[in-house]
Amino acid sequence: VEGRGVGIIDTAHLSQLLDAVGKLEASEAWTEQDQQGLRKWFSEYLDWILTHPYGIDERRARNNHGTWYDVQAVSFALFTDRHDVAREILESVPEERIAKQFEPDGRQPHELARTKSYGYSVMNLSGFFSLAALGKQFGMDLWNWQTKDGRGMRTGLDWILEHAFGDGEWEYQNLSSITPGSLLPLLRRAAIAYNEPAYEQK
């Protein structure tokens, strides 16, 4: 079995691993050889997802797969000092991701079409929040970027809050439970990014 492009999302958590590696660098137990070996591995993996047909297909995805591809590619590029790659991908996020994955009212139609529409909507928004955090390293404000008709990450978060826990109604197929727990990390990040404490009081 040679795999398939959609499997690349299964390595999305490796982007979080790199945060831990940053803390390990100060430890005597983490050697320069360890660091260089890991950088080599991630550089090779980045080359693979950038050039292999599976990676190219995943980057073209217009749902959470494409979002999390970007998170991985940017994270791996920054870790391996390939800032040109990271910047290029981040610069494409507004028009290629935000504008095409959110509706003006905040809905994410590609995620709402899934059988677990709530979970995928939250998962995709989490990927966008990660891209916004990464974008700050280049002075980009993806948190507040919007199209002229209002498509943006904050609108997406507010739509989920209204339709999952507010006066709105979740009218989409959802085989898993709708729980606030999965939103808590996003609400914490939103409270800081938008200087809006009310998000943590939801």
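This is a predicted model: local features need pLDDT of at least 70, side-chain atom pairs count only at pLDDT 80 or more; totals for chains, interfaces and linings use all residues.
Local features require a pLDDT of at least 70 and side-chain atom pairs a pLDDT of 80 or more, while totals for chains, interfaces and linings use all residues. Residues are numbered from 1 along each chain as its sequence is written, and side-chain values rest on heavy atoms, with hydrogens and water left out.

Helices are DSSP runs of H or I with at least four residues, numbered from the N terminus. Helix 1 spans residues 14-24 and contains the buried residues Ser 15, Leu 18 and Val 21; buried denotes under 20% relative accessible area, exposed over 50%, and partly exposed the range in between, for a 1.4 Å probe and protein chains only. Viewed down the axis of helix 1, these buried residues fall within an arc of 90° and so line one face of the helix, the arc being that of the directions from the helix axis to the C-beta atoms. An α-helix has 3.6 residues a turn, so residues three or four places apart point the same way. Asp 19 and Lys 23 are exposed on the face of helix 1 turned away from its buried side. The buried residues of helix 1 pack against helix 2 (32-51) and helix 4 (64-79), where contact means heavy atoms within 4.5 Å.

The largest nonpolar core comprises 53 residues, and those with the most contacts inside it are Met 153, Leu 157 and Leu 183. Such a core is a set of buried Ala, Val, Leu, Ile, Met, Phe, Trp, Tyr and Cys residues joined through side-chain atoms within 4.5 Å. At least two residues of this core are supplied by each of helix 1, helix 2, helix 4, helix 5 (83-101), helix 7 (117-135), helix 8 (153-165) and helix 9 (184-193). Helix 4 provides the largest share, 9 residues. When residues up to four places away in sequence are not counted, Leu 157 touches Leu 125, Phe 129, Leu 183, Leu 187, Ala 190 and Tyr 199. In soluble globular proteins, nonpolar side chains tend to be buried together.

The side chains of Thr 67 and Asn 124 are joined by a polar contact of 2.7 Å. A polar contact is a pair of N or O atoms within 3.5 Å; within protein, one must be able to donate a hydrogen and the other to accept it, and residues adjacent in sequence count only if both atoms are side-chain atoms. Apart from neighbours within four places in sequence, Thr 67 is in contact with Arg 97, Gln 101, Asn 124, Gly 127, Phe 128 and Leu 131.

The largest pocket has a volume of about 300 Å³. Of its 14 lining residues, Ser 15, Leu 18, Asp 19, Ser 75 and Leu 134 are the closest to its centre. On a 1 Å grid over the protein atoms alone, a pocket is an open set of points where a 1.4 Å probe fits, with protein on both sides within 12 Å along at least five of seven lines, and lining residues have an atom within 4 Å of a point. Grid points are joined across faces, edges and corners, and the volume is the space filled by probe spheres set on the points. Helix 1, helix 4 and helix 7 each supply at least two lining residues, and the largest share, 5 residues, comes from helix 4.

Trp 30, in the loop between helix 1 and helix 2, is partly exposed at a relative accessible area of 22%. The side chain of Trp 30 forms a polar contact of 2.5 Å with that of Gln 35. Thr 147, in the loop between helix 7 and helix 8, counts as buried at 17% relative accessibility. A polar contact of 2.4 Å joins its side chain to that of Asp 149, and a polar atom of the Thr 147 side chain lies 2.9 Å from the backbone nitrogen of Arg 151.

Most residues other than glycine have a negative phi. Asp 81, in the loop between helix 4 and helix 5, has a positive phi near 60° and is exposed at 57% relative accessibility. Asn 195, in the segment after helix 9, has a positive phi of about 50° and is exposed, with a relative accessible area of 66%.
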